[in-house]
Amino acid sequence: DAGVIQSPRHEVTEMGQEVTLRCKPISGHDYLFWYRQTMMRGLELLIYFNNNVPIDDSGMPEDRFSAKMPNASFSTLKIQPSEPRDSAVYFCASSPLGQGRFRRQPQHFGDGTRLSIL
Amino acid sequence: SQQGEEDPQALSIQEGENATMNCSYKTSINNLQWYRQNSGRGLVHLILIRSNEREKHSGRLRVTLDTSKKSSSLLITASRAADTASYFCATDAVVNTGANSKLTFGKGITLSVRP
């Protein structure tokens with residue numbers, strides 16, 4: 001089990017540039033989540049997908065942020081144009097759908113992308 | 001506001017001692033989960049306790065849940081230097097109707113275990 005894979009691990013870019021973060025969930029997992037972590041706000045859920053369909057994007061800060069999941073093994077989070085306040089660590093997580101009373105399953109996190117916008 | 005609020009914010013103990021961390025939440029839950037985060041890494045799931053459970057054990061971890069007080073505690077017994085990390089509680093609120101919908105995380109507790 002390779003775990004959730006995120007790329008790049010670090011990204012430094014200038015404000016105004018487009019940023020694309022990538023995630024490969026664990027094979028067979030039905031759910032994919034994008035989070036942002038900062039010291040001030042902690043860990044915030046941005047959006048999550050079920051079977052490649054966005055279910056809840058209420059955490060997406062503004063229209064500059066967009067996320068896609070074109071297939072079960074790949075998702076992107078895009079920021080265009082980027083701003084210094086977008087600097088944070090962005091995590092992707094995935095989870096399976098359990099059965100019966102064990103439907104709700106824990107989430108498996110990648111090691112994140114540390115994004116710095118200058 | 002955060003659903004889960006951990007207490008204390010930081011904890012420093014000697015190796016071999018027990019570490020107790022608390023989490024309070026506001027709304028009714030399906031389950032409560034504890035995660036650990038090592039510096040520069042992603043969160044790792046430790047234990048999940050369902051709303052109809054009161055206590056759960058996993059190795060050196062013991063989790064309790066008091067739904068009447070809307071609180072949970074995580075006990076790490078015989079701590080080791082390798083337990084040094086941030087610990088987060090996460091709640092799965094009853095209002096979440098999806099099978100695996102969103103968790104709300106607290107801001108975490110920083111645990112330092114001195115060798």
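Are Cys23(A) and Cys92(A) buried or exposed? Both of them are buried, and here buried means under 20% relative accessible area, exposed means over 50%, and partly exposed is in between, using a 1.4 Å probe and protein chains only.

Quick housekeeping before I go on. This is a predicted model, so local features need pLDDT of at least 70 and side-chain atom pairs count only at pLDDT 80 or more, while totals for chains, interfaces and linings use all residues. Residues are numbered from 1 along each chain as its sequence is written, chains are lettered from A and ligands numbered from 1 in the order in which they are written, and side-chain values use heavy atoms, with hydrogens and water left out.

Okay, back to those cysteines. A disulfide is a covalent bond between the sulfur atoms of two cysteines. The rule used here asks for a pair of cysteine sulfur atoms within 2.5 Å, and by that rule we get 2 disulfides over all chains. In chain A, Cys23(A) is joined to Cys92(A), S to S 1.9 Å. The torsion about that S-S bond is about -65 degrees, so this disulfide is left-handed. Cys23(A) sits in strand β3 (residues 19-24) of chain A and Cys92(A) in strand β9 (residues 88-95) of chain A, so the pair ties together parts 69 residues apart in sequence.

Now chain B. Cys23(B) and Cys89(B) form a disulfide with their sulfur atoms 2.0 Å apart. This link has 65 degrees about the S-S bond and is right-handed. It connects distant parts of the chain: Cys23(B) is in strand β3 of chain B, Cys89(B) is in strand β9 (residues 85-93) of chain B, and they are 66 residues apart. Both Cys23(B) and Cys89(B) are buried.

Staying in chain B, let's look at a sheet. It is an open one of 5 strands in the order β1-β3-β8-β7-β6 (chain B), with antiparallel pairing; two strands pair if DSSP finds at least two bridges between them. For Asp7(B), the bridge partner in β3(B) is Asn22(B).

Last topic: aromatic rings. Rings of Phe, Tyr and Trp (its six-membered ring) pair if their centres lie within 6.5 Å; planes under 30 degrees apart are stacked, over 60 edge-to-face, and the rest tilted. Over all chains, the structure holds 10 aromatic pairs. Take Phe33(A) and Tyr48(A): their ring centres are 5.4 Å apart and their planes are at 25 degrees, so the pair is stacked. Both Phe33(A) and Tyr48(A) are buried. Then there's Tyr35(A) with Phe105(B), an edge-to-face pair at 5.6 Å centre to centre and 90 degrees between the planes. Tyr35(A) lies in strand β4 of chain A and Phe105(B) in strand β10 (residues 104-105) of chain B, so this pair joins two chains.

These residues also belong to one aromatic cluster, whose members include Phe33(A), Tyr35(A), Tyr48(A) and Phe105(B).

Methods:
Helix = DSSP H or I, 4+ residues; strand = E, 2+ residues; numbered from the N terminus.
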